[in-house]
Amino acid sequence: MRVIKCVNLCFCLVLASLVFNSCNDDDGYSLDKAWYSIATIHPVDDSGSYWLTLDGGTSLWPVATNIPWYHPKEKQRALVVYTLLSDEFQGYDHAVKILDLKSVLTKPIVDNLDAENDSIYGTDPVDFSDIWIGDGYLNIVFEFYYGGNTVHYINLMKSDRENTPNLFEFRHNAYNDDQRYRRKGIVAFDLSSVDTNGAEVELTIQVRSFEGVKEYKLKYNSSVNQVKQSRNYSMDNFITTK
């Protein structure tokens with residue numbers, strides 16, 4: 001993938017105007033159409049420039065943005081609203097205009113702390129409403145009860161249960177927050193530490209739900225992007241967690 005540096009804002013505006021004009025003859029694109037995706041952000045340098053990959057591997061280069069103050073960081077997932085402007089732009093699959101962008105909680109898999117797991121990572125229940133692997137991340141939309149008094153703590157921990165390889169526990173610590181409102185959260189866990197050496201393996205995700213312990217099984221190959229269906233979520237649906 002080639003890296004492009006934006007020289008300055010004027011260059012970006014000129015470039016965007018050229019792309020806008022080129023898209024007027026393409027019935028497949030319209031400035032009135034907005035696309036909603038979950039993506040991975042890739043900073044280019046310290047200038048604030050970045051490009052994005054969607055779960056299926058499609059690459060996007062922003063030639064214009066409504067949020068120029070957004071400062072990207074490496075290995076960050078985000079909910080992105082954008083307009084497609086053109087295909088095949090400077091080595092990227094699409095040139096886009098960013099309409100809005102909100103960072104998604106993005107975390108590594110945490111260490112198993114044995115006797116301290118419950119006190120630190122918590123045992124509070126959640127329900128999964130969606131779970132999938134995309135662009136090297138385990139993505140989970142979950143539901144929990146929220147009182148608004150504290151930020152809840154979310155983690156994925158490698159389990160040491162015998163005879164169950166690649167077993168992970170989803171942990172939620174509500175810090176004794178009041179259970180007033182049922183709300184949704186979203187989190188992406190970086191799977192780069194799970195190297196399958198080119199083979200497809202089964203990941204088991206265990207969670208303490210409101211109905212008891214449940215397990216979700218997903219096929220994973222660290223060498224292959226396996227997304228079969230993209231997700232489309234509103235940016236205002238999720239409560240902030242840490």
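This is a predicted model: local features need pLDDT of at least 70, side-chain atom pairs count only at pLDDT 80 or more; totals for chains, interfaces and linings use all residues.
I take buried to mean under 20% relative accessible area, exposed over 50%, and partly exposed in between, with a 1.4 Å probe and protein chains only. Residues are numbered from 1 along each chain as its sequence is written, and side-chain values use heavy atoms, with hydrogens and water left out.

**Entry 1: backbone angles**

I note Asn176 as exposed because its relative accessibility is 76%. Glu88, also not a glycine, has a positive phi near 45 degrees. I place Glu88 in strand β4 and record it as exposed, at 70% relative accessibility.

Is Glu143 buried or exposed? I find Glu143 buried, because its relative accessible area is 19%. Glu143 belongs to strand β7, residues 137–146. Its side chain makes a polar contact of 2.8 Å with that of Arg182; such a contact is a pair of N or O atoms within 3.5 Å, where within protein one must be able to donate a hydrogen and the other to accept it, and residues adjacent in sequence count only if both atoms are side-chain atoms. Beyond four places in sequence, I list contacts (heavy atoms within 4.5 Å) of Glu143 with residues including Val126, Asp127, Lys184 and Phe210.

Gly212 lies in strand β12 and is partly exposed, at 27% relative accessibility. I note 8.3 Å between the C-alpha atoms of Gly212 and Pro125, which are 87 residues apart along the chain.

**Entry 2: nonpolar cores**

I define a nonpolar core as a set of buried Ala, Val, Leu, Ile, Met, Phe, Trp, Tyr and Cys residues joined through side-chain atoms within 4.5 Å. The largest has 23 residues, and Phe128, Leu138, Ile140, Phe142 and Phe170 have the most contacts inside it. Strands supplying at least two residues of this core include β6 (127–134), β8 (153–158) and β11 (201–209). The largest share, 5 residues, comes from β7. Leaving out residues up to four places away in sequence, I find that Phe170 touches, among others, Val126, Ile154, Val187 and Gln206. A second, separate core of 15 residues includes Leu52, Leu54, Ile67 and Ala78.

**Entry 3: cavity and pocket**

I use a 1 Å grid over the protein atoms alone: a cavity is a set of points where a 1.4 Å probe fits but cannot get out, a pocket is an open set with protein on both sides within 12 Å along at least five of seven lines, and lining residues have an atom within 4 Å of a point. Points are joined across faces, edges and corners, and a volume is the space filled by probe spheres set on them.

How many cavities of 30 Å³ or more does the whole structure hold? The search returns 1. The largest cavity holds about 50 Å³, and I list His152, His172, Asp177 and Phe210 among its lining residues.

The second largest pocket has a volume of about 250 Å³. Of its 14 lining residues, Ser103, Val104, Leu105, Thr240 and Thr241 lie nearest the centre. Strand β5 gives the most to this lining, with 5 residues.

How values were computed. Helices (H or I, at least four residues) and strands (E, at least two) are DSSP runs, numbered from the N terminus.
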